[in-house]
Amino acid sequence: MTFWVYTLAAVIKIALMVFVLLTAVAYIVWLERKVVGRIQNRWGPTRVGPFGLLQPAADGLKFIVKEDLTPPHVYKPLFIAAPIIAVVFALTSIAVIPFGNSIRVLGYDIPLQITDVNTGLLVVLGITSMGVYGIALAGWSSNNKYSMLGALRASAQMISYEISLGLSLIGVLVLAGTFSLRGIVEAQQGHFWGFIPNWNIFHGGQFVAFFIYLTSAYAETNRIPFDLPEAETELVAGYHTEYSSMKFAMFFMAEYANMVTVSCVATLLFLGGWNGPIGGPPIVQTILPVFWFFLKIFVFIFIYIWVRGTMPRFRYDQLMAFGWKFLLPLALANLIITAFVVAVRA
Amino acid sequence: MHLALFLIFGVVCVAGAVNLLIQTHPIQSALSLIVVMASLAVEYLLLGAEFVAAVQVIVYAGAIMVLFVFVIMLLNAGEEEHSQGSHIALLLGLPSLMLVGVLLTWSVMHQSTDSVRIGSLYGDPKTIGKLLFSQYLLPFEITSLLILIAIMGAVVLASKPEVTPVGLDSGLASGKEN
Amino acid sequence: MVPLSYYLILSAILFACGIIGFLMKRNIITIFMSIELMLNGVNLSFVAFASQWHALSGQIFVFFVMVVAAAESAVGLAIIIAVYRTRDTLNVDRVDLLKL
């Protein structure tokens with residue numbers, strides 16, 4: 001493929017993925033309000049459009065039109081930069097995530113991934129580590145006790161759970177033998193015992209790692225039951241207390257985009273990515289993997305929202321003790337056992 | 001192409017380093033240092049060291065600098081005050097700076113013709129992992145011990161001193177009598 | 001292709017900036033960050049030489065330098081917190097007497 005074709009394909013893919021991601025973020029907000037509403041035995045949004053489907057549009061309009069208030073006592077450069085940092089890092093990790101096999105357009109084989117980096121998993125982990133800055137700087141620059149406390153708690157929580165997040169993924173790496181996300185998915189093809197798919201959670205035996213990953217992901221994205229840094233009853237909204245309108249919307253977008261990224265990584269590593277039953281004419285055969293991928297991501301996001309509606313939140317010392325004293329040794333034990341099994345089998 | 005990328009990110013690196021020196025508020029210096037580390041990660045990628053570049057972002061820019069920002073936030077470090085500078089520094093410093101600049105320019109203009117061949121040395125995780133666990137196993141284990149010592153040291157040094165209540169016994173005794 | 005001396009010059013500039021920051025600045029946290037800048041400059045020259053001489057041990061050494069820098073920054077920041085608690089200042093010029 002020539003340089004210009006590659007660049008054009010990349011630009012189109014980037015535009016498409018950013019558009020899809022932002023729309024998905026908007027509609028995940030709608031889904032959350034509906035599902036949490038149903039869990040609490042009430043309707044969610046129903047007025048704006050059928051089933052409240054135009055609610056995200058109304059919310060977006062509200063955020064744009066609302067007065068963007070910058071309090072006088074904040075540290076202005078960082079106050080304005082922090083939501084930008086949060087959103088940029090949340091949207092960047094979508095670049096290494098593969099959505100399916102390659103499609104054939106106009107005679108060129110274009111993979112459904114913006115770039116297939118050899119160390120794709122490390123890139124995702126690195127960008128997740130950098131996402132802490134948006135929150136820390138937002139809380140500090142607001143010059144407000146509640147924001148500062150929320151930011152300190154949030155950063156400490158995020159860097160503590162990054163460790164168990166990374167360690168739980170290493171078991172998958174040992175099984176797949178490569179850091180490339182496409183390679184990890186391709187190592188999960190096929191079936192065993194006839195009909196059970198060869199996913200890492202079944203055949204690879206990574207179910208413990210899966211639950212460690214899921215729990216650490218809830219802590220990384222600051223969602224219930226780990227959302228003490230932004231809880232309304234504790235800290236007046238924590239690190240985004242002083243933010244209004246578009247900047248607050250950017251924090252919101254960053255949180256939900258992080259959720260989507262984490263669900264994508266969980267799907268790729270544990271649930272076999274786009275592997276699923278495939279059949280039919282060639283046009284269906286190219287679309288069907290993408291459909292399975294989106295279905296699995298939808299299942300994850302639904303579980304996220306389900307847990308949000310069901311569980312209470314952890315106290316801060318319980319949260320830190322859980323991460324350091326329970327999840328970390330468990331992830332290490334999982335790694336040792338996986339490595340032992342792979343070494344014995346080979 | 002490699003030269004263009006090297007120059008762009010080299011300029012960003014140097015700009016970040018100079019900004020660290022110029023800024024008075026430590027948080028701005030910390031953010032410039034993060035920019036330096038990120039552009040250094042790109043330079044490592046240009047040299048074919050992809051694992052080192054990823055580790056640079058994850059460990060240096062994503063953990064160590066978070067610790068710095070944390071401490072700056074915790075201690076509420078304000079803008080730096082002006083202490084008296086020394087005249088000798090200016091008197092000796094500027095000529096030596098010019099001397100170093102002349103040396104650098106001379107070395108650039110008389111450089112040897114071997115260039116760094118990108119892509120010929122590939123630092124992929126597998127090879128580095130094999131080396132770390134075979135040839136460099138002893139330093140690896142010693143660094144794990146070093147990290148353990150550092151964790152214990154940091155926890156002990158940063159913990160608040162225990163406050164022993166004074167006169168509690170006499171208070172309790174008098175309370176009991178009543 | 002990029003000549004080796006360009007990488008070495010960049011590394012030298014970073015190291016020099018680190019030294020200037022270490023000597024000139026008065027805030028103890030900024031001094032610490034200049035140390036990190038020096039370490040980063042040295043890392044760059046390690047990786048450049050590893051690529052030049054086809055020896056992966058350069059990159060392994062960068063790994064160890066990063067680990068040592070992490071350990072050192074953890075302990076150093078703990079010391080800074082302890083100093084701030086007792087002296088209540090972050091200016092090194094004020095921490096010049098052994099007696100409080």
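This is a predicted model: local features need pLDDT of at least 70, side-chain atom pairs count only at pLDDT 80 or more; totals for chains, interfaces and linings use all residues.
Residues are numbered from 1 along each chain as its sequence is written, with chains lettered from A and ligands numbered from 1 in the order in which they are written.

Start with the interface. Chain A gives 17 residues and chain B gives 16; contact here means C-beta atoms, placed from the backbone, within 7 Å. On the chain A side, H4 (120-130), H5 (132-141) and H6 (145-176) each supply at least two residues. Helices are DSSP runs of H or I, at least four residues, numbered from the N terminus. H4(A) has the largest share, six residues. By class, that side of chain A has 12 nonpolar, five polar and no charged residues. Nonpolar means Ala, Val, Leu, Ile, Met, Phe, Trp, Tyr, Cys and Pro; charged means Asp, Glu, Lys and Arg; the others, Gly among them, are polar.

Next, the pair H5(A) and H6(A). Their axes come within 7 Å and cross at roughly 160°; axes are lines fitted to C-alpha atoms over the stretch in contact, with angles from 0 to 180 degrees between N-to-C directions. The two helices are therefore roughly antiparallel, the term for angles over 145 degrees. H5(A) contributes residues including Val132(A) and Trp140(A), and H6(A) residues including Ser147(A) and Ile159(A). This contact has 10 nonpolar, four polar and no charged residues.

Technical notes: Two residues are in contact if their C-beta atoms, placed from the backbone, lie within 7 Å. Angles under 35 degrees count as roughly parallel, over 145 as roughly antiparallel, 65 to 115 as roughly perpendicular and the rest as oblique.
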